[in-house]
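Here are some notes to read beside the model, written for someone meeting it today. Take the points in order, and keep the viewer open as you go.

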Amino acid sequence: MSEAKKVSWAEIRCWRLGLLLATLGLWEVATRRGWMDRFYVSQPTALAAEIFDWVRSGFILRHLWVTTQETVIGFVLGTLLGVVLGFLFAHWEKLALIFDPLMVALNAMPRVVLAPLFILWFGLGLLSKVVMVISLVFFVVFFSTYTGIREVDRDLVNNARILGASQGHLVRHVLLPSALTWIFSSLRVSVGFALIGAVVGEYLGASEGMGYIISYAESMFNAKGVLAGLIVLMAVVITFDVALKKLEGRFSYWKPVRS
Amino acid sequence: MGQGDGAGAIVLERVTQRFPMPHSDREFTAAHDVSFDVRGGEFVSIVGPSGCGKSTLLGLVAGLIPVSEGRISIDGRPVDGVNPRLGYVFQRDALLPWKTVAQNVGLALLFRGFDPALARARVAEWIARIGLTGFERYHPYQLSGGMRKRVALAMTMVYEPEIILMDEPFGALDVQTRNLMENDLLDIWAQRRRTVVFVTHDLEEAIALSDRVVVMTASPGRVKAVYRIDLPRPRSVTEIRFHPDFGRLYETIWKDLKDEVRLGYERSQKGLLG
């Protein structure tokens, strides 16, 4: 496809930037001309000024740090738990058969609704948010790892066994590298979930963090504060995603096509 | 080489293999009452229509699949589990895509805990032998089908197994590459005779390579006949075809095989239609 139609990346970037600027410009003009009320939708220049102010005063840094901490701790723990249990379930079919309904049921439960319970159980601090993040990240990673291991090419496993691989060798040289593709794709999905988990937790009950800022701004009918908070969060997710993409690239050196 | 006293003798006694059919209580019989033996250092091919259980027999001998009925023994000892003295070249080359050529070739030595320096030397020797010097750090996706097959062969040969099982190893290659690889295989085999059990559906290939050819019936696979191939060695697969006895052997064996192939084909058609 890339040969049939050569995509000009410079052109694509121009379009992207152009659309972004057009949207912001339209938004700005609309609020200045009074077509839209800035009380409800704020205004790009006001948002930029607000974020700039937050960063300069250092006000945002403490909250950003709290949210990032919850997200990263929960993300790492949820991922580890998901990978390990995914491995175990793929390895012991009986385990998978016994727990399959439970896993599906737990996964079907809307975690966001559980957040108040988590806060009740684990308090207003870091722990309840970390648990919330784990509950979101775990299932995505778990199901991907499980599938990834089950989908491993049987010939590769048999060949390694004939060549003399122990169980440990199999995991390290065959199963894990093979499942890594699946695991990475799940990580990029779940990093967004992780941040949602942390922010929703903070939103419902906390004294610091981005969710708290948004919730506070909302209670003051301050649309500018809510939107500015959202923009900061967006930037955080993009940063995480770029970092994960880089990491994934380092692990897929052996693949024919890199996009 | 010794007849029957060399290491790597395989005996199959009345082996029957059934698999449960998915989503039903019925069983599929992949091999029925199969008995034959392979002497140590002998090159034996198994030919038969597709679906006759040729690959299953290799899986059983390798210890990858437990035998459901009958006995298989190697040098007098019954097979239970994967045998470290045995090598297996799969139909599709089973290279690990995330490892380089050198890492793939050295995999068995790594698993078997060889001294790293010794392993490196062995790997270099085999990479030179398969003509891939300079490609050590390539990954499988960067190689042609023939190159990958040579790496797969080296992966097996590098630990010098006494028995080599090959499941249609050259089936996916073009004719020229295939003939080159067949000759390479004969060279390697001639240098230090190891037992080779070679599964193929190509009768010409089987005759050109083997000491004996086992003909299987259509599913459920039974041994229909065993033919001794008394063509002179060393052979070149491209030239042995012009030997006066080659055509005679081909004709005799094909007469046996033909009916089974047709039967197998008709059954597979019926299977497809319902």
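**Notes on the two chains**

1. Within the largest nonpolar core, which has 123 residues, the members that touch the most others are Val137(A), Ala154(B), Val158(B), Leu165(B) and Val197(B). A nonpolar core here means a set of buried Ala, Val, Leu, Ile, Met, Phe, Trp, Tyr and Cys residues joined through C-beta atoms within 7 Å. A residue is buried if 20 or more other C-beta atoms lie within 10 Å of its own, exposed if 12 or fewer, and partly exposed in between, with C-beta atoms placed from the backbone. Helix α9 of chain A (residues 167-204) gives the most to this core, namely 15 residues. In soluble globular proteins, nonpolar side chains tend to be buried together.

2. A word on how to read all this: the model is predicted, so local features need pLDDT of at least 70 and side-chain atom pairs count only at pLDDT 80 or more, while totals for chains, interfaces and linings use all residues. Residues are numbered from 1 along each chain as its sequence is written, and chains are lettered from A and ligands numbered from 1 in the order in which they are written.

3. Let us stay with Val137(A) for a moment. Leaving out residues up to four places away in sequence, Val137(A) touches Gly74(A), Phe75(A), Gly78(A), Thr79(A), Gly82(A), Ser190(A), Phe193(A) and Ala194(A). Contact means that the C-beta atoms of two residues, placed from the backbone, lie within 7 Å.

4. What does the secondary structure of chain A come to? There are 11 helices and zero strands in chain A. Helices (H or I, at least four residues) and strands (E, at least two) are DSSP runs, numbered from the N terminus. The C-alpha trace of chain A spans about 75 × 55 × 30 Å along its principal axes. Chain A has 259 residues, and buried ones make up 32% of them. Of the contacts in chain A between residues at least 6 apart in sequence, 73% join residues at least 24 apart.

5. Chain A is assigned domain 1 (1-36) and domain 2 (42-251), with bounds that come from an automatic or database domain assignment. The centres of domain 1 and domain 2 of chain A, taken over C-alpha atoms, are separated by 30 Å.

6. Where the chains meet, 20 residues of chain B are in contact with 15 residues of chain A. On the chain B side, the elements giving two or more residues are β6 (86-89) and α3 (107-111). That side divides into 16 nonpolar, two polar and two charged residues. In this count, Ala, Val, Leu, Ile, Met, Phe, Trp, Tyr, Cys and Pro are nonpolar, Asp, Glu, Lys and Arg are charged, and the others, Gly among them, are polar.

7. Chain B holds an open sheet of four strands in the order β2-β1-β4-β5, with antiparallel pairing. Strands β2 and β5 (77-78) of chain B stand at the edges, each with a single partner strand, so one side of each has no neighbour in the sheet. Two strands pair if DSSP finds at least two bridges between them. Strands of a sheet pair through backbone hydrogen bonds, either parallel or antiparallel.

8. Now follow β1 (residues 10-20) of chain B, which eight bridges join to the antiparallel β2 (residues 27-38) of chain B. Ile10(B) has Val38(B) as its bridge partner in β2(B), and Val11(B) stands opposite Asp37(B) in β2(B). Five bridges join β1(B) to β4 (residues 69-74) of chain B, again antiparallel; Leu12(B) stands opposite Ile72(B) in β4(B). The hairpin of β1(B) and β2(B) has six residues between the strands, and His23(B) in this hairpin takes a positive phi near 60°.

9. Some backbone details deserve a look. Arg14(B), in strand β1 of chain B, has a positive phi near 45° although it is a residue other than glycine. Arg14(B) counts as exposed because it has 11 C-beta neighbours inside 10 Å. Phe221(A), in the loop between α10 (210-219) and α11 (223-251) of chain A, has a positive phi of about 55° and is not a glycine. The peptide bond from Arg233(B) to Pro234(B) is cis, with omega near -5°, and Pro234(B) lies in the loop between β10 (223-228) and α8 (237-240) of chain B.
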